[in-house]
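Thanks for making time this morning. I would like to walk through one model with you, starting from the sheet and then moving on to the side chains.

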Amino acid sequence: RAGRVEVQVVRNGDSVELTVGDDGQGFDAARTRKERRGLGLMSMSERVRLAKGTLSFVTEQGKGTQVRVWLPIAPRVTQDAGEAIRR
């Protein structure tokens, strides 16, 4: 029931951060964990962990949700005059 969703992706050297926030109804994170509902959150957490990243989220009932994912990435490699150059 969000009216607004914002997605931001920022590369910072050898990492990337994805932030998704909305102004929806939010949820009770402690209750979701306790009742083992939130399969989507568990799936995201596992995928981020396997990629050696971190996942955090802030949510409150009636105030929306913000999810932030940080992932390490390999440096970009381009070809220039036959030599690999790290960027």
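Predicted model: local features only at pLDDT ≥ 70, side-chain atom pairs only at ≥ 80, totals over all residues.

**The sheet and what packs on it**

Let me begin with Val-58, whose bridge partner in E4 is Gln-66. Strands here, of at least two residues (E), and helices, of at least four (H or I), are DSSP runs numbered from the N terminus. Residues are numbered from 1 along each chain as its sequence is written, and side-chain values use heavy atoms, with hydrogens and water left out.

E3 and E4 pair in the antiparallel sense over six bridges, where pairing requires that DSSP finds at least two bridges between two strands. The open sheet has four strands in the order E1-E2-E4-E3, with antiparallel pairing, and its edge strands, E1 (5–12) and E3 (54–59), each pair on one side only. Helix H2 packs on this sheet and touches E3 and E4, its direction making about 150 degrees with that of E3. Contact means heavy atoms within 4.5 Å, and such angles run from 0 to 180 degrees between N-to-C directions, with axes fitted to C-alpha atoms, for helices over the stretch in contact.

Turning to charged side chains, the structure holds four salt bridges, each a side-chain nitrogen of Lys or Arg within 4 Å of a carboxyl oxygen of Asp or Glu. In one of them, Arg-68 meets Glu-17 at 3.8 Å, N to O, a pair that links distant parts of the chain, since Arg-68 lies in strand E4 (residues 65–72) and Glu-17 in strand E2, 51 residues apart. Another joins Arg-49 to Glu-46, with the closest N and O atoms 2.7 Å apart; these two are separated by about one helical turn because they are three residues apart in helix H2 (residues 39–50).

Finally, is Ser-15 buried or exposed? Its relative accessible area is 10%, so Ser-15 counts as buried, the classes being buried under 20%, exposed over 50% and partly exposed in between, with a 1.4 Å probe and protein chains only. Ser-15 is found in strand E2 (residues 15–22), and, leaving aside neighbours within four places in sequence, it is in contact with Val-10, Trp-70, Leu-71, Pro-72 and Ile-73.
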